[in-house]
Amino acid sequence: MTAKLIEIFIMEGIAILMFVFAYLIGVKGKMELIAGYNEKTASTVTDKDGLKRLITRVCVLLGFGSALMPILTYFTSGSPHGLACSIGGYGGFIVGIVGMVMLQAKDYTS
């Protein structure tokens, strides 16, 4: 199995997992799938619907980013510089999403 095929399986698996989490949290309302959310911490959440929308949005964004990453690395794999830029861009994308969650989660908790 080549490295490219391994990358596709891993990244597409992550994308599918993120879309499943988005569905379970956003549509089915399974708030217990959110890390750190349980009976003890539920009282500190001031807007449960807002938190649910935020985490669903994050899961969808991570799913799209992970699904598109193998396509991006396929087109940039011809040059080491392009491949490094695409991998760094994906890392920046993840850091941006984490920052967005950290800033917006304060709006939904006390």
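Trainee: How many aromatic pairs does the structure hold?

Mentor: The structure holds two aromatic pairs. A pair of aromatic rings is described by the distance of the centres and the angle of the planes. Rings of Phe, Tyr and Trp (its six-membered ring) pair if their centres lie within 6.5 Å; planes under 30 degrees apart count as stacked, over 60 as edge-to-face and the rest as tilted. Phe-19 and Phe-64 make an edge-to-face pair, 5.3 Å centre to centre with 75 degrees between the planes.

Trainee: Where in the chain do Phe-19 and Phe-64 lie?

Mentor: The pair links distant parts of the chain, 45 residues apart: Phe-19 belongs to helix 1 (residues 3–26) and Phe-64 to helix 2 (residues 48–76). Helices are DSSP runs (H or I, at least four residues), numbered from the N terminus.

Trainee: Why does Phe-19 count as partly exposed?

Mentor: Buried means under 20% relative accessible area, exposed over 50%, and partly exposed in between (1.4 Å probe, protein chains only). Phe-19 counts as partly exposed because its relative accessibility is 31%. Phe-64, at 48%, also counts as partly exposed. The other pair is Tyr-74 with Phe-75, edge-to-face at 5.4 Å centre to centre and 70 degrees between the planes. Both Tyr-74 and Phe-75 are exposed.

Before we go on, a word on the model: it is predicted, so local features need pLDDT of at least 70 and side-chain atom pairs count only at pLDDT 80 or more, while totals for chains, interfaces and linings use all residues. Residues are numbered from 1 along each chain as its sequence is written, and side-chain values use heavy atoms, leaving out hydrogens and water.

Trainee: Which residues of helix 1 are buried?

Mentor: They are Glu-7, Met-11, Ala-15, Met-18, Ala-22 and Ile-25. These buried residues pack against helix 2 and helix 3 (80–105). Contact means heavy atoms within 4.5 Å.

Trainee: Which residues have the most contacts inside the largest nonpolar core?

Mentor: A nonpolar core is a set of buried Ala, Val, Leu, Ile, Met, Phe, Trp, Tyr and Cys residues joined through side-chain atoms within 4.5 Å. The largest one here has 16 residues, and those with the most contacts inside it are Met-31, Ile-34, Tyr-37, Leu-51, Ile-55, Cys-59 and Leu-62. Helix 2 gives the most to this core, with six residues. Not counting residues up to four places away in sequence, Ile-34 touches Ile-25, Leu-51 and Ile-55.

Trainee: What is the mean pLDDT of the protein chain?

Mentor: pLDDT is the predictor's confidence in each residue, from 0 to 100. The chain's mean is 89, and 99% of its residues reach 70 or more.

Notes. Helices (H or I, at least four residues) and strands (E, at least two) are DSSP runs, numbered from the N terminus.
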